[in-house]
Amino acid sequence: MPRKTAQKPFRNNFLISGFKIKEHMELIAAILSGIMILTAWLWGNQLPYSIFVTLHILAFVIGGFAKAKEGIQKTMAERELNVEMLMIFAAIGSALIGYWTEGAILIFIFALSGALETYTMNKSQREISSLMDLQPQEALRMKNGEEELVSINQLHIGDQIFIKAGERVPSDGTIIKGKTTIDESAITGESFPVSKEMQEEVFAGTVNINGSITVEITKPANETLFQKIITLVQSAQSEKSPSQLFIERFEGTYVKAVLVVVTIMMFFPHFVFGWSWTDTIYRAMILLVVASPCALVASIMPATLSAISTGARNGVLFKGGVHLEKLSHLQAIAFDKTGTLTNGKPEVTDLITRSDKEVAEILSILSSIERESNHPIAQAIVNYTNTLPDVERLEVQHMQDIPGSGVTAEIAGVTWKIGKPGFLGKEAAESFQNGVLKKLAEQGKTVVFIGDEYGIAGVVALKDTVREETKDAIQVLRKHGVYTVMLTGDNETTAEAIAKEAGMDNYVAECLPEEKVQEVRLLRKAYENVGMVGDGINDAPALATANVGIAMGAGTDVALETADVVLMKNDLPKIAEAIQLSERMNKVIKQNVVFSLLVIMLLIISNFLQVLDLPLGVIGHEGSTILVILNGLRLLKT
């Protein structure tokens, strides 16, 4: 029966472009607002006053619309004033006493901050949507001896589906017919494909490599392991960090305090101190301007952006200041193994033959036969033999793939077998070369045997090798007092060998994605701040669960977008450099916050004592802003 192809809804380029423009409207509005402010400031003396005012009003409306809308909606929903509303009041108050530029600048800074935050959130949500596309939406269901192409949502527990070689598994189930090799790297992180036989479980989203199988559905589409990954990522990303909750509480208190004091200042001095109404309202407006959090905003954003720029220049991408801030507080880091601590590809580490005289011949036979296969282990062996001299290309005949075991082929009339120890005889494999199989297995290596009619001729050992820079990176982190643990889907023997070689404090083997999340949560109970480093789809939930998720630059799109920090050059030692940069940034931010608060307090007191007029208030307020910005820009130096 011909295979049908699902048709995706048509989306033209205009709609896609329109969506992108709409997505960036907040950032575009902030930039336009800044241009108008700059224009009015540069040519203010030459412009008619009406145009000068009009430019500022447009800057207010264009730049402040999104934040004003957000502030009003939040106020109505939560029945509590917020910083967005305070910024609006401060800007309007500044304009009412004739200082249009100061009010517009407040709007611009706040609008730019909100636009960057919105952009990051939208991009993250897009990538979560792209993760869903990796699971097939249709399956070939077997019913009454006939094949029927159906949506995965129509599958029920007990249904039987047929999966061809090269296709992704559409739903979790158990093999009831056939043998194959499954690439489960998207789920478990295993570097090697796994052989699957009758009654063994397969997972949605994994790839069926080289055999057709019939699978009986064991879970509905919305409960598959792959769907759980998506749910875990969305759930973890929706959780608010303690810092965010603190800021929200501080925001409400700050706004209330300022508005209460400003309201009192509009009446209290007139009745108590005998100030005129003009002086009283004038002082209240000055207070609203000098008490606005412009300097506080500038205390954080320029320093953060400078640190982010410095990190990017040095190969570390931070997705936000909050993640950069948290990095210096990490007490423990969990590492995925495959593609993070290791290279993610098997490499030949040992070749042992029954006779030294046969080495060249065995290599030529191995290379020739494995060239006929697209299995990752076969490709690794071919890559290895390509680097050696005197390896001949021989004619291969009657090549046959035995799913889950190995291959057979004829060369010059001799039948050769290449595959698992059991494929060539378990006892013979275990006794070959004084039991070398046990020794290689204890080192966490995958073993492939080759044999002819006389028995086993040789053994090839492969291993997902530890990155050269991994050991140095782990050593530096441990010197900083950071606890390190490796989380991997590999078996106990392999995990122990890799963890020992990398210098890890601990390891956890045979971890599925949801188990990695549990391990990260356990770490968070033992340590206040925990990081997670990974590169695969299977790492995404754990990356989102950790206080700081760190992805390798060569990882999957989902891991890159779920993570908070990306090592663009897959350079693990950059983590230690990023921690040092985080420490510098936090120090600068503390300096700026303390300084800006002291200036605000000084200005407020001076205003109340009537020794501060509006121009000096603006100079003090904007001058402190400039100083904290300049202090933050020091982080641009590497």
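User: In this predicted model, does Phe273 count as buried, partly exposed or exposed?

Analyst: Buried residues have under 20% relative accessible area and exposed ones over 50%. Phe273 has a relative accessibility of 44%. Because this value falls in between, Phe273 counts as partly exposed.

User: What is the geometry of the pair formed by the rings of Phe273 and Phe608?

Analyst: The ring centres of Phe273 and Phe608 are 5.8 Å apart, and the ring planes stand at 80°. Planes over 60 degrees apart meet the cut-off for one class of pair. The pair of Phe273 and Phe608 is therefore edge-to-face.

User: How many residues apart in sequence are the parts that Phe273 and Phe608 tie together?

Analyst: Phe273 is in the loop between H8 and H9, whereas Phe608 belongs to helix H22. The pair therefore ties together parts whose separation in sequence is 335 residues.

User: Which residues do ring pairs link into a cluster with Phe273 and Phe608?

Analyst: A search of the whole structure finds 10 aromatic pairs. Ring pairs join Phe273 and Phe608 in a cluster with Phe268 and Trp275.

User: How are helices H9 and H22 oriented to each other, roughly parallel or roughly antiparallel?

Analyst: The axes of H9 (residues 277-290) and H22 (residues 574-608) come within 10 Å and cross at roughly 180°. Angles over 145 degrees pass the cut-off needed here. H9 and H22 are therefore roughly antiparallel.

User: Which residues of H22 meet Arg283, Ile286, Leu287 and Val290 in H9?

Analyst: The contact of H9 with H22 has 6 nonpolar, 1 polar and 1 charged residues. On the H22 side, the residues that meet those of H9 are Ile600, Leu603, Ile604 and Asn607.

How values were computed:
Residues are numbered from 1 along each chain as its sequence is written. This is a predicted model: local features need pLDDT of at least 70, side-chain atom pairs count only at pLDDT 80 or more; totals for chains, interfaces and linings use all residues. Side-chain values use heavy atoms; hydrogens and water are left out. Axes are lines fitted to C-alpha atoms, for helices over the stretch in contact, and angles run from 0 to 180 degrees between N-to-C directions. Helices (H or I, at least four residues) and strands (E, at least two) are DSSP runs, numbered from the N terminus. Angles under 35 degrees count as roughly parallel, over 145 as roughly antiparallel, 65 to 115 as roughly perpendicular and the rest as oblique. Contact means heavy atoms within 4.5 Å. Ala, Val, Leu, Ile, Met, Phe, Trp, Tyr, Cys and Pro count as nonpolar, Asp, Glu, Lys and Arg as charged, and the others, Gly among them, as polar. Rings of Phe, Tyr and Trp (its six-membered ring) pair if their centres lie within 6.5 Å; planes under 30 degrees apart count as stacked, over 60 as edge-to-face and the rest as tilted. Buried means under 20% relative accessible area, exposed over 50%, partly exposed in between (1.4 Å probe, protein chains only).
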